[in-house]
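The sequence and structure come first.

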Amino acid sequence: MAELLTQPTDQDPRSFIEAIAHPTRRADALVLLDLMGRVTGERAVMWGPSMIGFGRYHYRYASGHEGDALSVGFSPRTTAQALYGLLAAPGVEDLLPRLGKHRRGAGCLYITSLAAVDLAVLEDLVRRGHDFMATEDVT
């Protein structure tokens, strides 16, 4: 079975963020780093070259494929922050309309600017996502 490409690394998440050239993307990433760490109680870990995760879970599919993934996290992309692990928990669909300006991908949220979202709603999404992934047996 092929090894997963996105694995935890020893790279420092704060140093990674501080190297981001775009000032708004860098500032928002620092806010997300602190917010997700505070809400989850987890230490930030780089997953691959550009994803910052908080917590992890193990998954196993019926096909036999299995591995570990970050519970919740984000990646500062060129045009937006990609947020992971926030859409699987029960009740999140009710929160999304109150979040503010965002786009939805297959498994993540894209936020162009944290100034355009309600941070209290974002904290609730992070908490629900992390708690759900920490207690679920993902198969």
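## The second largest pocket

The second largest pocket holds about 160 Å³ of space. The model is predicted, so local features need pLDDT of at least 70 and side-chain atom pairs count only at pLDDT 80 or more, while totals for chains, interfaces and linings use all residues. Residues are numbered from 1 along each chain as its sequence is written, and side-chain values use heavy atoms, with hydrogens and water left out. A pocket is an open set of points on a 1 Å grid over the protein atoms alone, where a 1.4 Å probe fits, with protein on both sides within 12 Å along at least five of seven lines. The points are joined across faces, edges and corners, and the volume is the space filled by probe spheres set on them.

Lining residues, which have an atom within 4 Å of a point, number 14 here, and P8, R43, A44, V45 and W47 lie nearest the centre. Strands β1 (44–47) and β2 (51–60) are the elements that give two or more residues to this lining; β1 gives the most, with four residues. Helices (H or I, at least four residues) and strands (E, at least two) are DSSP runs, numbered from the N terminus. By residue class, the lining has six nonpolar, four polar and four charged members. Nonpolar covers Ala, Val, Leu, Ile, Met, Phe, Trp, Tyr, Cys and Pro; charged covers Asp, Glu, Lys and Arg; the others, Gly among them, are polar.

## The sheet

Six strands form an open sheet in the order β1-β2-β3-β4-β6-β5, with antiparallel pairing. β1 and β5 (103–104) are the edge strands, and because each has a single partner, one side of each lacks a neighbour in the sheet. Two strands count as paired if DSSP finds at least two bridges between them.

β2 and β3 are joined by eight antiparallel bridges, and F54 has V72 in β3 as its bridge partner. The two strands make a hairpin with five residues between them, and G64 in the turn has a positive phi of about 100 degrees. β3 and β4 pair over four antiparallel bridges, with P76 opposite Q81 in β4; this hairpin has four residues between its strands. β4 (residues 81–84) also pairs with β6 (residues 108–111), again antiparallel and over four bridges, and L83 stands opposite L109 in β6.

In β3, nine of the 11 residues are buried.

H130 is found in α4 and is buried, with a relative accessible area of 8%. Buried means under 20%, exposed over 50%, and partly exposed in between (1.4 Å probe, protein chains only). Not counting residues up to four places away in sequence, H130 touches T40, E42, F54, G55, S71 and V72; contact means heavy atoms within 4.5 Å.

T112 lies in the loop between β6 and α4. T112 is partly exposed, with a relative accessible area of 43%. Its contacts, leaving aside neighbours within four places in sequence, are R25, D28, T79 and A80. T112 and Q81 are 31 residues apart in sequence and 6.2 Å apart in space, C-alpha to C-alpha.
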